[in-house]
Amino acid sequence: MSDNTINTPVSLHRDGEIGLITVDNPPVNALSHAVREGIWRCLDEAAADDSIDAIVLRCAGRTFIAGADIREFGKPPEDPWLPELLNKLDAFPKLSVAAIHGTALGGGLETALSCHYRIADVDARVGLPESQLGLLPGAGGTQRLPRLIGAEAALDMMISGKPVAAPRAQELGIVDRLVKQQSLDQAAIAYAREQLADNAPLRRASQQTAPAVADDFFDDYARNLGKRYRGFESPGRIIDAVRAATELPFDDGLKRERERFTEAMASTESAAMRHLFFAERACAKVPGIDRSTPTRTIQSVGVIGAGTMGAGIALACISRGIDVILTDNNDEGLARGRDTIDKLLSAQVRKGRISAEAAAGAREHLETGTGLEHLSECDLVIEAVFESMAVKEAVFGELDRICKDGAILATNTSTLSIDRIAAATKRPHDVIGLHFFSPANIMRLLEIVRGEATGDD
């Protein structure tokens, strides 16, 4: 196997008559300017090399291209920008195969769709999640995907933003072949050779015709979105772009997609959703604490107070497979708390959000008991009692006596001083604020409050 030796995140190697274009841009092979530039260069080299009959586009590391480089969000695009690159890939004069593992999301899936054929590891997932940022696919996804799988399936994927597993992607027509128990690279090379031997056509998605739909399909689809997407603008823009894929030539459809993408990028909705995207990731970086700082293992959680908040916190934990001991100061309160959790789990099953098996599994992680002595071996104890400093000081004084060394003692207070609560113990370094928002099992928001003495771990 020979290769070029230019030090870039993209390289071209040869395996006989097959050229392997490898993207190596950890951690998720994002489509940075250097990656786009590298793919462009390697396509030119492969096209000019008479010894190469087909190419395989693959990625090093744990995943295929997982999307755009978020560091470039909101900045002017640098040439080659992604739509131009994918048009070049779509028009590549030699047979091309995308070898997908991990996730192919957003621009990553759009890249794979621009190859002539796609092979995927059976555990891979593919998706177009741009709607979750108030956007729509902007590099041909709204035009290529409907031509491959039809308008309805394409809309379902784009508007929900949810990835689909490789077996389902094969059923839909996104993936041509699955790989189960062999090297994806070797399978992709063999697949490319098989296609060459069969004189397979250069199957360009841009040249395919989207399956016809009923005259009122798009209006009905928009109407059926109903309350779930009320107030959101991106679904309407996606529907309009996909409609163009069924009514217009490919190049005109790309223009429609670009118009709607530009509108979306300038919208308040997208600005807010992108802010949320970055904010959620910023939360994983605690100011003043190095990421290499050791953390304490949390396998069991105690929750004090079986009211609405305490029951919600307990449910949030058991739903993630964490053992929980829920305590209250009397049997009646515990019974109400357990009944609340049972009803919430049953409602999730009834609405199809979880399976009956998952609900049963969650219930197995829950224990109840009166008195704080049950919490002596918990790794984390969360207090969710009445918002009174005197009550909380009394609870933390007892926890200081009962809980094992190294247990994290957390208060759900929203207004009271963490430092004063910590002062009720002889281990203020173990005390932290964990302020959940109601209902705790639904709201994806947790305020983590450090006290003056809270330990870094």
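Ser11 stands opposite Thr22 in strand S3. The model is predicted. S3 covers residues 18–23, and six of its six residues are buried.

- S3 is largely enclosed by the rest of the structure, because six of its six residues are buried.
- In a regular strand, side chains alternate between the two faces of the sheet.
- In S3, Ile18, Leu20 and Thr22 point one way. Gly19, Ile21 and Val23 point the other way. Both sets are buried.
- Strand S2 (residues 10–15) pairs with S3 in the antiparallel sense, over six bridges.
- A hairpin is formed by S2 and S3, with two residues between them. Gly16 sits in the turn and has a positive phi of about 65°.
- Strand S4 (residues 54–59) pairs with S3 in the parallel sense, also over six bridges. The bridge partner of Gly19 in S4 is Ile55.
- From S3 the chain passes through helix H1 (residues 33–48) to reach S4. This β-α-β crossover is right-handed.

- In soluble globular proteins, nonpolar side chains tend to be buried together.
- Leaving out residues up to four places away in sequence, Ile149 touches Ala154, Met157, Leu172, Gly173 and Ile174.

**Glu130**

- Glu130 lies in the loop between strand S8 (125–127) and helix H4 (141–149).
- Glu130 is buried yet has no salt bridge. Its nearest side chain of opposite charge is Arg258, 9.9 Å away. The salt-bridge cut-off is 4 Å.
- Beyond its neighbours within four places in sequence, Glu130 is in contact with Gly106, Gly107, Glu110, Leu135, Leu136 and Pro137.

**Asp342**

- Asp342 is in helix H13 (residues 331–350).
- Asp342 counts as partly exposed because its relative accessibility is 26%. The buried class lies under 20% and the exposed class over 50%.
- Asp342 and Met157 are 185 residues apart in sequence. In space they are 33 Å apart, C-alpha to C-alpha.

How values were computed
Residues are numbered from 1 along each chain as its sequence is written. This is a predicted model: local features need pLDDT of at least 70, side-chain atom pairs count only at pLDDT 80 or more; totals for chains, interfaces and linings use all residues. Side-chain values use heavy atoms; hydrogens and water are left out. Helices (H or I, at least four residues) and strands (E, at least two) are DSSP runs, numbered from the N terminus. Buried means under 20% relative accessible area, exposed over 50%, partly exposed in between (1.4 Å probe, protein chains only). Lys and Arg count as positive and Asp and Glu as negative; His and the chain ends are not counted. Contact means heavy atoms within 4.5 Å. Two strands pair if DSSP finds at least two bridges between them. A crossover is right-handed if, with the strands pointing away from the viewer, the path from the first strand over the helix to the second runs clockwise.
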